[in-house]
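Please open the structure in your viewer and keep the selection tool at hand. The stops below say what to select next and what is there.

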Amino acid sequence: MNPQDYDFLRKLLKERSGLDLSADKQYLVESRLIPLARKAGMPGIAELVQKMKSGAETLTSEVVEAMTTNETFFFRDKIPFDHLRETILPTLLKARANRRSLRIWSAACSTGQEPYSIAMCLKERAQELAGWRIEIIATDLSQEVLEKAKSGIYSQFEVQRGLPVQLLVKYFTQIGEHWQISPEIRGMVQHRQLNLLQDFSHLGKFDVIFCRNVLIYFDQDTKTGIFGRLAKALEPDGMLLLGAAETVVGISAAFRPHPDRRGLYLLNQDKVLQSQGGAPPQRLRVVAAR
Ligand SMILES: C[S@@+](CC[C@H](N)C(=O)[O-])C[C@H]1O[C@@H](n2cnc3c(N)ncnc32)[C@H](O)[C@@H]1O
């Protein structure tokens with residue numbers, strides 16, 4: 001690939017998806033885009049870039065999607081789902097006892113294993129949540145992964161990764177060599193296409209946000225901007241879960257790590273108000289002055 005084409009692709013990917021490619025990732029771009037070029041009837045990346053420059057929007061979206069990393073599996077990393085069961089749900093069940101509603105967002109849901117893992121955790125507490133309005137919104141940039149997520153159909157390999165066998169038996173039906181998640185669990189999740197680089201205030205406020213294993217691909221400024229907007233999308237006592245290799249520390253003052261739950265973040269309410277141009281509440285100003 002010639003350096004000009006690589007620069008064009010780097011810039012485009014940064015603008016469209018936030019992907020921050022270092023100067024030495026040509027091999028990655030080639031391994032993902034040469035098959036796409038061939039599928040579209042072109043000999044290689046030079047022709048693909050030429051076509052994109054001439055304004056081929058569908059092709060450009062396909063290039064952006066092809067460069068996303070969609071790795072995921074059920075109950076990935078286990079700990080976030082322990083936090084959901086042991087810390088987040090008990091806290092919010094009390095805090096929302098009057099309102100009896102919960103809104104959870106799986107931002108960058110990939111092929112759906114994360115939001116369905118959340119849905120199964122909630123279903124396992126069906127008795128306590130009887131009569132509650134539960135919304136799980138699952139979003140991703142890539143239309144292709146969303147189609148798979150919506151189908152709820154997974155291979156034998158995919159259901160063997162992280163999914164306890166009791167939950168497989170309870171919530172999945174075997175269809176030939178594949179497994180489909182039950183309509184009941186599927187119906188708990190709403191899927192939508194959404195780019196985290198763009199405004200998401202229309203989604204409203206959430207009690208819990210899972211934003212895991214996506215910010216790792218972005219540069220610091222992009223992460224800071226997204227954390228600021230995630231903070232505004234959370235209820236004041238809401239909670240954010242990040243991936244094992246991700247943190248807010250040194251990147252955003254809008255959140256602080258939970259004192260003893262790794263990967264779980266709470267809002268720094270005064271910082272969110274400041275970033276919105278509002279004054280911190282009196283109590284917080286007094287504490288800060290001490
Ligand atoms: C590695 S997967 C993570 C899936 C899941 N959250 C997990 O932790 O297992 C990252 C996902 O982020 C999505 N993604 C990449 N850039 C995005 C963006 N700018 N906006 C929304 N989603 C994006 C990709 O399409 C991909 O499905």
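Helices (H or I, at least four residues) and strands (E, at least two) are DSSP runs, numbered from the N terminus. This is a predicted model, in which local features need pLDDT of at least 70 and side-chain atom pairs count only at pLDDT 80 or more, while totals for chains, interfaces and linings use all residues. Residues are numbered from 1 along each chain as its sequence is written, and side-chain values use heavy atoms, with hydrogens and water left out.

**Stop 1: the largest pocket**

Select L36, K39, E62, E65, A66, N70, S142, E144 and V145, which line the largest pocket. A pocket is an open set of points on a 1 Å grid over the protein atoms alone, where a 1.4 Å probe fits, with protein on both sides within 12 Å along at least five of seven lines; lining residues have an atom within 4 Å of a point. Helix 2 (26–39), helix 4 (57–66) and helix 7 each give two or more residues to this lining. Helix 4 supplies the largest share, 3 residues. The space in this pocket is about 240 Å³, the volume being that filled by probe spheres set on the points, joined across faces, edges and corners.

**Stop 2: the second largest pocket**

Now select R16, E57, S61, V64, E65, L141, Q193, L194, N195 and Q198, the lining of the second largest pocket. About 190 Å³ of space lies there. Helix 4 again has the largest share of the lining, with 4 residues.

**Stop 3: Q143**

Go to Q143, in helix 7. With 29% relative accessibility, Q143 is partly exposed (between buried, under 20% relative accessible area, and exposed, over 50%; 1.4 Å probe, protein chains only). Beyond its neighbours within four places in sequence, Q143 is in contact (heavy atoms within 4.5 Å) with E65, K150 and Q193.

**Stop 4**

An open sheet with mixed pairing holds 7 strands in the order 6-2-1-7-8-10-9; two strands pair if DSSP finds at least two bridges between them. Strand 6 (189–193) and strand 9 (255–257) are at the edges with a single partner strand each, so one side of each has no neighbour in the sheet. Strand 9 pairs with strand 10 (residues 264–267) in the antiparallel sense over 3 bridges. Select R256 and look opposite, in strand 10, for L266.

**Stop 4: a helix across the sheet**

Finish with helix 7 (residues 143–151), which lies across strand 2 (133–140) and strand 6, at about 165 degrees to strand 6. Axes here are lines fitted to C-alpha atoms, for helices over the stretch in contact, and angles run from 0 to 180 degrees between N-to-C directions.
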